[in-house]
Amino acid sequence: MRSHTLHTVLLVSVFSFIDPYLQGQESSGPASPTNLSASDHPWDHGEKIDIQWDDIEKNEQDKVQSYSIYSSRSANPDSFIFVGTIDADISKYTIEKLDRKYSYYFKIIAIDKSGNVSEPAVTLSAISPTRQWFDGRRFPLFIITLIFCGSVVYWIYQARTGIPLKIRKIAGLEAVDEAVGRATEMGRPILFIPGIQDMNEIQTIAGITVLSRVAKVAAEYDAKVEVPTSRSLVMTAARETVQASFLTAGRPESYNQDLVYYVTDEQFGYVAYVQGMMVREKPAACFYMGAFFAESLILAETGNTIGAIQVAGTAMPAQLPFFVAACDYTLIGEEFFAASAYLSGEPDQLGSLKGQDIGKIIVAAGIIIGVTLLTIGTIAGPESGFGSSLIDAAEYLKSVILT
Amino acid sequence: MNRETLISVSLLAVGAIFIIGRVLFSEYGMGKAYVQAVEVRSSGSEEDLSWTKYESTTQRKYHEAVKKDPDQNDYQFSLSRTLGIWVAALFTLFILSFLYKDNPLYKIAESVVVGVSAAYWMVVGFWTTIVPNLLGKLSPGWIKSWAMPGLDTEAELLYLVPLVMGVMLLWRLAPQGTWISRWPLAFIIGTTAGIRLIGFLHADFLGQIRNTIMSLIVITPETGFDLWESVKNIIIVIGVLSSIVYFFFSIEHKGYVGKTAKLGIWFLMITFGAAFGYTVMGRIALLAIRIEFLLNDWLWLIDPSNIRI
Amino acid sequence: MKRNVPLFITALGGFTLIIAYFIPATQGWGEVAAIWFDILASIAFILGGGNLLKIHLKKVSDKSAGWAYSAITLAAFLTTLFVGLGKVGVNPNPQYPEYSLSGHYREIGSPFWWLYEYAFKPLTATMFAMLAFYISSAAFRAFRAKNLEAILLLGTAFIILLGRTFAGVYLTAWFPDWMSGLKIENLTVFIMSVFNTAGNRAIMIGIALGVASTSLKVLLGVDRSYLGSGED
Amino acid sequence: MYEFLKDLDKRWIFLLMFLCVTIPIYVIAKTGKSFPEVPTVLSEAVFQAVEDLGQGDPVLLSFDFDPASEGELGPMATAFVRHCAEKKVKMYFMALWPVGPQMIDDAIAKVIHSDFPSLVYGEDYVNLGFKPGNEGVIKVIVTDMRELYTTDDIGTSINDIPMMKNIHSVQDFDLVINVSAGYAGTKEWVQYGSTPYPDKIKIVAGCTGVQAPLLYPYIPNQLPGLLGAIKGAAEYEKLVIDKYGGNDPDPKYLEAKRRMGPQLVAHLLIILLIILANYIYFVEKKSGVSV
């Protein structure tokens, strides 16, 4: 559909170009645009060029309806290709998707209401786009990243200096020790599933961190932790982690690497195996910590059937309802990422949570400011100067700062 | 023999008798597959090479062709695909049998699916990643000479880096110096953290703030004040803000904060309920297609697409 | 050294990619890293596959309980691997008939295709279909109106379940026009586009913050459990 | 009844569910009758997006699902291909999921080979196959298709495929149709396709029930139309059949509609289960059993 409009515009402009000649008239079209100049678009990847020309006089404005813009890699008048059309009240344009390897000429033509065209204005010298060392569009993102990372680092540092941080409780985290303890009492194993995604998923990494804590408690209690994985790399990382936990707990001799093993990459092959294994070995505690998809409910329901304590944590919004419905405790989204900080018991890790709260304040502030601007602007009405400037400010916030 | 075993054995017996009866005594039987022979001519070489390809066809077409010309060879009965349908049907039943209880048949299906799927993904990884993206980048001429004659790229020596890291990763299997495998692991985790940190801040964090900035009062040029749209926007803004309060870690959920967090939980619960409702749909459709397979392709009890006589 | 070098590699890799995101010339590095990751994950199949072989071979040779199932797994694994890697029974690409391995590894009619079509596909799809059963038992057990939260959860699920079928539409079809907003199909859309949108947005924002902060902890070396003990 | 329900063996529920799905399938297949469908706004938006295309317009169809989700998405894929074939647009198939190409083959065999045999491979439709890299693939091909796609699915060079001549990036397509079962899928297409190029890339999608709630935040700006699960498929199917099906439509194009039958009965079963569960709960509460 888009290309249709483009085609039509192209056709219109071609016809309007031919039209005066067809009628055998001298061009009686509008005056040619003046002072056309081209310059590199700043802060970009080196594929855009800005062109601009003089604003036309007010009385001329009625005459000119639009401008058609063309570009070419050579000065030859036949080689220009159509780029786009803009309204007459604008006098600048950014040409996109150019190639740094070439230099370009630009041409614009003014068109009036009845389709008459002006003499073309052409740039005098060729220009090629240059690539800058910083992407200007991402500058606000850069600042926000700095603020966010800075506040996390700041609070970690604060925590290290010994300032006590108040952090609210998360139900479910206390359950970890309880679950491990119960498994020991019953003499049954603990099942830990670090999700079914690979190491290129942060949730898997967060899951492995929780595993290190679970494995450490299990080593202290001398309980068995079984970790079937759905990815080879996760198996590798989980083995490192569990081994380290057993070492920290002072029982390196009880570490058995065969309890951390690879099953298959296939989601449902994996879950077919785990489901069967759960029914046969009846683990007393099941932990599901990582990225989950449809298998979440198969795991949680089977775990429920065998009467295991189940603690789940994931940031997959679609699977949260099933864990909430079928598990004893569920860490929802951000809580799951916070779990590793809580469980580590190290104060500097808690500092990062405080940093995250700064992020939430940014969110709330951004939303409240933006919504207020827009609402007052709408009430004042976009026709009034006050209203329109508020709306413009909100639009600036949305389209420049928050992109 | 206890009650459960008795039930399962008698169910199996009834099923088996029904199927044997259907295979032997019904006019067309059941669970058969037919193919159509199609000749493939090679276009790329001077020699005139050709071979036969077999495409699945329907029982109806087969019988129509046989009726027309009993000696025809285009449409054939396919033993391998018939066997396939039976294997697939039995595997389907084996998996479903787990719902009753764990049993040897399920264990067989489980063992097969683990073996086949593990190897399946390895084969896919080899032909779609290792060959084109690693070997094809390092030595395109060699890959072109045996595996991908259509390949048209130049060698990129940069891909030696993943190759070397891959070797380091495999060093775990060596008797000594297995610590070296932590280096590629560290690289993977570091790059993942970098990509995700910035990616999530950009796409989800900024993006969702941007989407939530909207006017609480909606006035359209045509109809003026739009109450309904305004209410919608107000609910969304309140919902987002209160749910974010729920996630606050450094403030205890007491007083006003507690009340707002409570509101946030309500929003989350409605969200979860909606997701649950939607998901139920999908899951039932999945079961439906398996049962259709059993009734249609295997047992030939139903024929919704009208492909059989 | 054994511990510090990996930490350094993690930090270097991560921060480089963060900075690269802001520099026009290097914005593609993230994709390159993703391709490299795929390569590494594919190479790592050797570790996973080796582990699988080891476990099951051990079970078979020990004749430990259930060793026959291990033998089935081994047979299935090795057969699939052999016919897949060797492109057994695959015809060449008609454009390049002189290259015997130029055909597609999963060409229809080949043994690898057969294993996919008649083993992989029915087994995984049926496993997925089991969810229809589990979802019903979970609904029966967990959806009880214990408190307001639970009521909201099950109430919403209830409306959506009704609204997505013919029955729901039929039940509320008699509503007069001024109540059309309460017709179940409209109510469904309202819940989805308002409450669900708000809740999901908050979850997404929270997750983004959690991901960013976890990533940062990994890069700074605050969280390094994945690197093991540092001993050989 | 309370006594029976209180300690109800799960397996009775399983059996009920099995019957609630099997019996309607059998009855609907035997009688040929099913429930009517009323298309919703979002399905109509999808239909209209395809309807607005002209003959020969290039359309990218990304089939990002696997056999496990075929029950939900297969009918959508069939309906999309049928609609595109009726509109005589050029179809470019691709997949972000490793088993996606099989899904593409299935749809091509089912619709194009059997009902539109005049369409020529390489001129009217092409299967570009699977590329690993998830959203990375999208990020690259939105600006440069050839960087990743040098051959089609079976290894033929892109340069030998006539219909690839004018295609340089995703922006050259008039519409992107995505059928998706999860990651990578519609969300990634929206994030990296239509979000950065709002004027150049238009996406409509069909997705599983699980994903649908997560996609609502993107409607309608980034995602004008969405088919949610089997119901979305059934609605779209109806729209396509009403316009192109004739009086006696081939039953294979009514798959989703048939599947809405078991859907209805099973939904009612779950609703009944929820009601029963709460009945037990309140009886227990009244009699003072600790819960």
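Reply: Between domain 2 of chain A and domain 3 of chain A the count is one salt bridge. This is a predicted model, in which local features need pLDDT of at least 70 and side-chain atom pairs count only at pLDDT 80 or more, while totals for chains, interfaces and linings use all residues. Residues are numbered from 1 along each chain as its sequence is written, chains are lettered from A in the order in which they are written, and side-chain values use heavy atoms, with hydrogens and water left out.

Me: Why is the meeting of A:Glu334 and A:Lys360 called a salt bridge?

Reply: A salt bridge is a side-chain nitrogen of Lys or Arg within 4 Å of a carboxyl oxygen of Asp or Glu. The side chains of A:Glu334 and A:Lys360 are 3.1 Å apart, N to O, and therefore meet that rule.

Me: How do you know how much area chain B and chain C bury between them?

Reply: Buried area is the accessible area (1.4 Å probe) that two parts lose on being put together, summed over both. For chain B and chain C this comes to about 11100 Å², with 81% of it on carbon and sulfur atoms.

Me: What makes residues of chain B and chain C count as in contact, and how many are there?

Reply: Contact means heavy atoms within 4.5 Å, and 125 residues of chain B are in contact with 113 residues of chain C.
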